[in-house]
Amino acid sequence: MAKKYETPLLDELEKGPWPSFVKEFKKAAKRSEIASDGLGQLEKSYRTKRGYWKHGGIVGVLGYGGGVIGRYSSLPEEFPGVAHNHTVRINQPSGWFYTTKALREISDIWDRYGSGLTNFHGSTGDMILLGTRTENLEPIFAELSSIGWDLGGSGSAMRTPSCCVGPARCEWSNIDTLDITYSITQEFQDEMHRPAFPYKFKIKTAGCAVDCIASIARADLSIIGTWKGNIKIDQAEVKRYAKNGMDIQAEIVDMCPTECISYDKKEGLTINNEECNRCMHCIAKMTKALRPGDIKGATLLVGSKAPIVVGAMLSWVIVPFIELKPPYQELKDLTRKMIEWWDENGRARERIGEVIESKGMRPFLEYIGVPPMPQQVKAPRRDPFFFWAKTDLK
Amino acid sequence: METEELKQKIYEIVEKSKVKKKLKEKDVIAAASEETGLDKDTVKKALREMIDVGKLMYSYSGGASSIEIPSEEYLKEKGLL
């Protein structure tokens, strides 16, 4: 396909040492009118400093309420290739592991029906296929489902659960993030495909507190692997770290958020495990010398979100420790209770964290059947979530 | 109450609110359950059947989803008209 548009402003984004989406866009534009007109419209947006996309509406596959995000150009005569420019979300495998065969199959389908442009992966975790027409949605869905793929979540639904690579690549993972995510995904199929909630609900599972998928900042329910018991210390390895030039005092002891570590050249490393908050900093820094305790499980946190109705929020602890073993029934039941409470009390476009903030932590905990615990206090002396009821006063 | 009668009631609820308010699935279920006296699970099942055959459908605006009556254009595109 011949070049249709001059793009001097977008060309600027190709300069420098970083990968550029413009380069990929131009490659796709050689084969696809959607990508070509998308490039033209984007250049116009940069020139006029105006957006020309209209979002939403009645777009999707029959029976599903999620997985397709409708997008139309407000300049369809000028850029007919992007008159419809819908996004399709595909449920990714846990930990984003693919075979090249699977990727080729998906790419072939997308080249036939869409722009050829993809985003691996969107912030939800899904595979994102960018740009197709309404009439292509059913054929894309039929072909993808025939080879084992399904749409992801969108709208007021359970969003596609996602996780870090967990035990597949990381020996520090305290839980099987991949299996948990797969199991949750199967459990909440109806909630993913039939949007019935006040707004979105995201679950992200991290194997440890390093939290490589930033679940504490991005998920309504953050599941973060942790342990019970003492951190195991190999003092010989500690000595080796020191010998090899690590400044243990500065890099480990002084960086401990609870100041529970001390170091003496002779005695080695000492950890006051009672005070440890299992942040993983020391373990991640001294991987050969330190290991988590043997009793593995997870901390459940609730409520993080990006700023929409109110500002950005981080998740806070609801269940300090839960053992997570297949089929994860306790986790699933608790998640359902949380969703039920939110669904009953939340207004449209209110996330669970916002509802807890407005209604208070007490009714939330009472409904889900979790007793109040010191670990739930996010900021001592200024925590707004606990209120005295009349029955508490004598 | 016959299922078809219930489905007709659900359709009327969605139709009535068409210009006033976008109804979430939960709103439709609650309203139909209140009007018919049937339990929410029965109403939900009937609503889902209507969505599966394109009588009603999910719509989406500003990140929030609602239930709507599909347009003629949509039904044609899905081969239902």
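Strands here are DSSP runs of E with at least two residues, and helices are runs of H or I with at least four, both numbered from the N terminus.

The model is predicted: local features need pLDDT of at least 70 and side-chain atom pairs count only at pLDDT 80 or more, while totals for chains, interfaces and linings use all residues. Residues are numbered from 1 along each chain as its sequence is written, and chains are lettered from A and ligands numbered from 1 in the order in which they are written.

Next, select strand 2 and residues 87-90, which are strand 4, in chain A; the two pair antiparallel over 2 bridges. Pairing requires that DSSP finds at least two bridges between two strands.

Now move to chain B. Its secondary structure consists of 4 helices and 2 strands, in the sequence pattern α-α-α-β-β-α. Show the C-alpha trace of chain B: it spans about 35 × 30 × 20 Å along its principal axes.

Colour chain B by burial. Of its 81 residues, 31% are buried, meaning that 20 or more other C-beta atoms, placed from the backbone, lie within 10 Å of the residue's own.

Last, draw the contacts of chain B (C-beta atoms, placed from the backbone, within 7 Å). Among those with a separation of 6 or more, 48% join residues 24 or more positions apart.

Definitions and conventions: Buried ≥ 20, exposed ≤ 12 C-beta atoms within 10 Å, placed from the backbone. Contact = placed C-beta atoms within 7 Å.
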